[in-house]
Amino acid sequence: MTRWRAAGLLTWAITFWWLWLSGSWVRFVGPRTAWIVPFGTIVLTAVAVGAWVARAEGPGKANLRGMVTLLTFVAPVLLLVLVPEPRLGAIAAANRTGGLTAGGMLPAPGGDGELSLRDIDYASTSADSAALLGVVEGREVELEGFVTHPDFAGAYALTRFSMWCCAADALPASVEVLDEADFTDDTWLRVKGVIRRSGNRYAIEPTSTTRIDEPRDPYEP
Amino acid sequence: MSIDLRAAEPFVPSSHQRSLRRGLWDTERPGAVVAGAVAATIALAVAGRLLGVAEVALVQSFAIVAVSIVVEALPFVLLGAIVSGVIQVYVSDERFDRVARLPAALQMPVAAVGGIALPVCECGSVPIARRLIARGLHPAAGLTFMLAAPIVNPVVLLSTWIAYQGREVAEEMVLGRALLGLLVAGVTGWAIGGGRQPASQLLREQDPAPCSCCSGRGKGSIRSLADHVGREAFYMGSFVVVGAALAAALQTVAPRSLLTGLSGDIIPAILSLMLLAFVLSLCSEADAFVAVSLVQFPVGAQLAFLAFGPIVDIKLGFLYGATFRPRAVASIALVSAPLVAAGALWFQVMFR
């Protein structure tokens, strides 16, 4: 099994090289743990090369147990072949709400910078948060996100995930768009508009809405 | 008529009889096995593409979460395998014998603090602990190291401090995490490994990296080290994949509100976040940033999240299962969970 074991490790090394050089790692790993990718690439390559060089010492025949272990080991790589650009969409957003907010992920900015979906969503939780973030009615904003239809939104909401560690911990931020038009779930839009109140939440009154392609980095910075 | 047994030929089982004895799993049929595995994989991939499986939202969610957990965990598994290999190949039996002769009461604090010197997350500490116990370290000390290292290492404590900066509790959370982690690691290690049972009653029989060529002499070669590391990484990595898949499946189908709906009262909040930590299966070097985002929960519950996740989660459950006997695996969870809950409750009462 030694050469098959080395092949499995080499498969992962190549996958990490691809994630790193293509920039695709941004889908899976957050900015705080981005160092994992080059670190893992180098270590995996060294271990895979070492395992290949050492393969001659051990028995070389494969058995069913070994092959099942090998397929299990490389299963995520096979999953990436099947689903090359996986994404968290409207269904994941609906699944990941319920008492949590992406707004708590970062310290509140001074209120002078550009607002994000996360800021506006978090501002809806309290007046103090809104004041700290500079979220006020009438402020102009330009936001990008994908369409979802949460219960609190009339037409639709603009949503985007924030990620700290990896996709496993990503949380959505959603803001209602006070639009007469509607779009299907997971449609990416760029919305320019003005902040308004809608019930006990902040919303966007759009002045222009444009379909866009999904950004390379689909998460809020 | 008499039969002269001395003249009888010795019985040699046929290849068929040998195969039956070894069983299907261990039979060496490289051609058939490889061809079958490759064909099944190709068939699955083609079928998936034709059926448009890749566009199904649930499949997308599952894929991104599962892959992200493995991408994060695998480098640390490798790091642990490297350290484990170094211990196996380059550290002689004489050195281990000297350490093993020390009483457990001396080995345990050294092992607990040893986590500071080895900044690995929980995926890396498991293979290292296995190797230490197999080489003669007292099981209680090995377990204490394994449970303490992911919490007390400098990278984890620094990331905890950074995450909680601006929340006025940074120092308290760092101190609370370190002390609660050490306490839980020590008590759990002693409760499970403190008896007189040998290591063989704690560890699974199968050593992922058995080697008789170099162990004991402390003079192994780079080639031996490479072989050890490859075997250990491959073995442990496959269990991480299974754990990641289960964690991803749970996150995909179960609404997060099921786990986080109890943020009001402190005890349900603590238990909720311990369960969340178990399901999310995050790496301890970045989980503080997730904990700090759980603003609806009291800091005691957030501390429970930070202390429990590096000790028990879905991914770790499979790693433990690859390393320890089932009773020991269950004991790790059953002993540590109430300790974490009690410590987090005490923290909430005393400091907030």
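**A walk from a buried aspartate to a surface patch**

Let's start with Asp121(A), which is buried at a relative accessible area of 11%; buried here means under 20%, exposed means over 50% and partly exposed is in between, with a 1.4 Å probe and protein chains only. Keep in mind that this is a predicted model, where local features need pLDDT of at least 70, side-chain atom pairs count only at pLDDT 80 or more, and totals for chains, interfaces and linings use all residues. Residues are numbered from 1 along each chain as its sequence is written, chains are lettered from A and ligands numbered from 1 in the order in which they are written, and side-chain values use heavy atoms, leaving out hydrogens and water.

So what does Asp121(A) meet in a salt bridge? Its partner is the side chain of Arg201(A), at 3.0 Å from N to O. A salt bridge here is a side-chain nitrogen of Lys or Arg within 4 Å of a carboxyl oxygen of Asp or Glu. The two residues sit 80 apart in chain A, with Asp121(A) in helix α5 (residues 117-123) and Arg201(A) in strand β5 (residues 201-211), so this pair links distant parts of the chain. Helices (H or I, at least four residues) and strands (E, at least two) are DSSP runs, numbered from the N terminus. Arg201(A) itself is partly exposed, at 22% relative accessibility.

Over all chains there are eleven salt bridges. Another one joins Glu205(A) to Arg196(A), with the closest N and O atoms 3.1 Å apart. Glu205(A) is partly exposed at 36%, and Arg196(A) is partly exposed too, at 31%. Back in chain A, Arg27(A), Arg87(A) and Glu214(A) are linked in a salt-bridge network.

Now for the rings. The structure holds eleven aromatic pairs over all chains, where rings of Phe, Tyr and Trp (its six-membered ring) pair if their centres lie within 6.5 Å, with planes under 30 degrees apart counted as stacked, over 60 as edge-to-face and the rest as tilted. Trp35(A) and Phe76(B) have ring centres 5.8 Å apart and planes at 90 degrees, so they are edge-to-face. This pair crosses between chains, from the loop between α1 (2-22) and α2 (36-53) of chain A to helix α3 of chain B. Trp35(A) is partly exposed at 38%, whereas Phe76(B) is buried at 2%. Ring pairs also bring in Phe39(A), giving a cluster of Trp35(A), Phe39(A) and Phe76(B).

Where does the nonpolar interior come in? A nonpolar core is a set of buried Ala, Val, Leu, Ile, Met, Phe, Trp, Tyr and Cys residues joined through side-chain atoms within 4.5 Å. The largest has 138 residues, of which Phe305(B) and Phe324(B) touch the most other members. Helix α3(B) gives the most to this core, with 16 residues. Apart from it lies another core of 23 residues, including Leu143(A) and Phe183(A).

Finally, look at the surface of chain B. Val38(B), Ile42(B), Val46(B), Leu50(B) and Leu51(B) form a nonpolar patch there, with about 530 Å² of accessible area together. Patches take residues with over 30% relative accessible area and no salt bridge, joining like charges within 9 Å and nonpolar side chains (Val, Leu, Ile, Met, Phe, Trp, Tyr) within 5 Å; areas come from the Shrake-Rupley method with a 1.4 Å probe, and for residues only the protein chains shown count as cover. Leu51(B) lies in the loop between α2 (30-50) and α3 (57-90) of chain B, and is exposed at 70%.
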